[in-house]
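Welcome to this short briefing on helix packing and charged pairs. Have a look at the chain below, and then we can walk through it together.

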Amino acid sequence: MTKLLLDVDTGIDDALALAYLASLPDVEFVAVTASPGNVDAHQVARNTLAMLELCGRTGVEVAVGAEAPLAIPLVTTPETHGPQGIGHAVLPSPSGMVSPRHAADLWVEAARARPGELTALITAPLTNFALAIRREPRLPELLGKVVIMGGSFYHQGNTTPTAEWNTHVDPQAAKEVYAAYRGLPVDRLPIVCSLDTTERIELRPEHVLRLAEAAGCSERELVLPKQPEGLRSTADSPLVRHLSDALRFYFEFHRLYGQGYLAHVHDYFAAGVAAGTLDYATRLATVDVEVESALLMGTTVADYRNLWSHSPNARIVSDNNPEQAFRELIRAIGGLAVRLR
């Protein structure tokens, strides 16, 4: 059983990651917390509750923490994820309520209660994680496996020429988190899924079609470049229908910015790393984050050769297997959609 603590900013690819994790019977959601990022933190929490309930995972504690980055104003991204954060999808209103607990308190209490047992997955800016470490500096030692989606090293940024979105939203938080891991044993260092490898996970229309087939949908699910923008799915599986509507928005966004009619599903890959279901390799490095330069704000730098003479503080994913990742995605979420009928 993988016991997961998640921090998300749901988010189209966060929603896909949540659906994937919900499809795995050996994954326990200990709690999910909301950081501001793709949308504001309260919208993140609503999206997350609604997605979990759509996937049959009711009763999961969902909490809000910070409502803004540590030191700079919040910037959200409606052009990338839509005004509600999940593209063209309109999820049913959740029946569950957001927890009154603060996200950072929840993380600290959960880690203290189950030292070494929890897998942490952060697919959002690192704001809540940084606040939790401030409250409990031993948190990196108390958690088991830690997976972070963020950063860009040998790859162009997706927000500025050098900065990846999650890190750019709260670079001060990212800097604090990486500093907290210096000097820890290798098996305690976070596994970092950066754009260098997450942008290889390119979801395309044929994957949506295959997902609908695996879900047993009665009609072919066609999300095609020549169709009108904003066209809504009529799939007879609610899960497939909502994911298709979310992903169509993501395809349209990527095409608008010259990347083709596809979607980089960064957070799904990180979820598979956390669950132990996807192939990947890592390299040890010392990571730091630029927080002073207006030109390079949020840029992540990796020292693979120990030129800084600092202990490694991260295991950066250096290779992955997109074909295997999409086989797994379609199998798992397709199976969940069948079970939910």
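This is a predicted model: local features need pLDDT of at least 70, side-chain atom pairs count only at pLDDT 80 or more; totals for chains, interfaces and linings use all residues.

**The contact of helix 11 with helix 13**
- Leu239, Val240 and Leu243 of helix 11 meet Ile333, Leu336, Ala337 and Leu340 of helix 13.
- The residues of this contact are seven nonpolar, with no polar and no charged ones.

- Asp245 pairs with Arg232 in a salt bridge, with the closest N and O atoms 3.0 Å apart.
- Asp245 sits in helix 11 and Arg232 in the loop between helix 10 and helix 11, so the pair ties together parts 13 residues apart in sequence.
- Asp245 is buried at 2% relative accessible area, whereas Arg232 is partly exposed at 43%.
- Arg341 and Asp236 also form a salt bridge, at 3.1 Å from N to O.
- Arg341 belongs to the segment after helix 13 and Asp236 to the loop between helix 10 and helix 11, 105 residues apart.

**Salt bridges elsewhere**
- The count of salt bridges comes to 17.
- Lys3 forms one with Glu117, the closest N and O atoms being 3.0 Å apart.
- Lys3 lies in strand 1 and Glu117 in the loop between helix 4 and strand 4, 114 residues apart.
- Lys3 is partly exposed at 23% relative accessibility, and Glu117 is partly exposed at 41%.

Notes:
Residues are numbered from 1 along each chain as its sequence is written. Side-chain values use heavy atoms; hydrogens and water are left out. Contact means heavy atoms within 4.5 Å. Helices (H or I, at least four residues) and strands (E, at least two) are DSSP runs, numbered from the N terminus. Ala, Val, Leu, Ile, Met, Phe, Trp, Tyr, Cys and Pro count as nonpolar, Asp, Glu, Lys and Arg as charged, and the others, Gly among them, as polar. A salt bridge is a side-chain nitrogen of Lys or Arg within 4 Å of a carboxyl oxygen of Asp or Glu. Buried means under 20% relative accessible area, exposed over 50%, partly exposed in between (1.4 Å probe, protein chains only).
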